[in-house]
Amino acid sequence: MASIWVGKRGTIRDYPGFNPSVDAEAIRKAIKGIGTDEKTLISILTERTNAQRQLIAKEYQAVCGKELKDDLKGDLSGHFKGLMVALVTPPAVFDAKQLKKSMKGTGTNEDALIEILTTRTSKQMQEIGHAYYTVYKKSLGDEISSETSGDFRKALLILANGRRDESLKVDEQLARKDAQILYNAGEKRWGTDEDAFTDILCLRSCPQLKLTFDEYRNISQKDIEDSIKGELSGHFEDLLLAIVRCARNTSAFLAERLYQALKGAGTDEFSLNRIMVSRSEIDLLDIRTEFKKLSGYSLYSAIKSDTSGDYETALLKICGGDD
């Protein structure tokens with residue numbers, strides 16, 4: 001059965017001749033004793049798919065009586081530790097933890113919240129919700145409700161419930177109707193009917209939305225992004241713009257996020273690790289292409305100039321090549 005976390009445009013593929021017990025033993029040797037053999041850890045964990053890493057973790061626990069992620073946490077440090085632990089975490093659990101992190105403590109990291117909820121499929125969101133409850137004994141919806149408010153909260157909850165239509169069929173009549181509703185809800189009236197924007201943008205499939213945006217331009221002579229910027233504000237505006245960009249091209253949206261994470265002084269490792277790990281088996285090849293289009297240089301070279309040491313080595317392996 002094909003995993004919902006695997007696409008055709010990833011940089012990490014199933015490792016041929018995979019043997020989980022051989023890998024688990026090599027990792028055990030790399031961790032035990034004085035000093036850690038980071039090279040071995042990197043070569044195994046960045047060259048196996050997540051499904052294969054889960055089998056290694058299972059073998060490791062059977063042999064060592066300890067969880068691989070706990071031993072990695074105890075043995076490694078800094079951003080490298082974060083990246084290695086992310087690699088051995090099941091995708092839905094990893095996303096659940098990222099969501100928890102973005103809502104923890106004072107202030108919410110809305111950008112991370114928006115990025116995860118707009119780039120995951122409905123099926124993935126349902127798995128993440130399930131994983132969230134399993135790990136934290138709280139529902140993701142309740143956590144979002146207590147950390148956000150207003151129209152932003154309402155839209156996030158629809159996305160978190162995994163209610164977006166996933167069908168690839170498009171309905172031209174519906175696109176025209178929705179475009180007219182959006183036009184009437186914003187440009188055509190004084191004040192904005194936020195609910196109309198929320199319902200259409202959070203529930204329709206991506207191919208359907210693309211068609212709706214084309215129809216919208218015909219009706220209003222404006223791009224939907226410009227209308228959203230003119231009509232809405234704050235995090236709600238950011239969320240709807242993210243939905244529009246993802247409906248048009250998710251890889252381009254994530255390339256832009258990576259560009260922001262790597263540019264200027266300091267690196268946003270939280271975003272960098274999340275995108276590199278979570279898209280490594282889905283569409284990282286396309287993200288690389290879009291990154292180059294956007295910035296004029298390759299993602300590989302950006303990572304190289306912005307990170308160092310084992311952390312850099314591991315990220316470059318996940319990146320999979322220079323464009």
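Predicted model: local features only at pLDDT ≥ 70, side-chain atom pairs only at ≥ 80, totals over all residues.
1. Salt bridges overall. A search of the whole structure finds 22 salt bridges.

2. R274 and E115. These two side chains form a salt bridge, with the closest N and O atoms 2.9 Å apart. R274 belongs to helix α16 (residues 269-279) and E115 to helix α7 (residues 110-119), so the pair ties together parts that are 159 residues apart in sequence.

3. D71 and K66. The salt bridge between D71 and K66 has its closest N and O atoms 3.8 Å apart. D71 counts as buried because its relative accessibility, 14%, falls under the 20% cut-off. K66 is partly exposed, with a relative accessible area of 46%.

4. K69 and E67. K69 forms a salt bridge with E67, and the closest N and O atoms are 3.4 Å apart. K69 is partly exposed at 23% relative accessibility. E67 is also partly exposed, with a relative accessible area of 34%.

5. T198. Where does T198 sit? The residue is in helix α12, which covers residues 194-203. T198 has a relative accessible area of 1% and is therefore buried. Apart from neighbours within four places in sequence, the contacts of T198 are A155, I158, L203 and F236.

6. K137. Most residues other than glycine have a negative phi. K137 is not a glycine, yet its phi is positive, about 55°. The residue is found in the loop between α8 (122-136) and α9 (140-147). K137 counts as exposed because its relative accessibility is 58%, over the 50% cut-off.

7. Q221. A positive phi also occurs at Q221, near 60°, again in a residue other than glycine. Q221 lies in the loop between α13 (206-220) and α14 (224-231). Is Q221 buried or exposed? At 62% relative accessibility, Q221 is exposed.

Key:
Residues numbered from 1 in each chain as written. Heavy atoms only, no water. Helix = DSSP H or I, 4+ residues; strand = E, 2+ residues; numbered from the N terminus. Buried < 20%, exposed > 50% of the residue type's maximum accessible area, 1.4 Å probe, protein only. Contact = heavy atoms within 4.5 Å. Salt bridge = Lys/Arg side-chain N within 4 Å of Asp/Glu carboxyl O.
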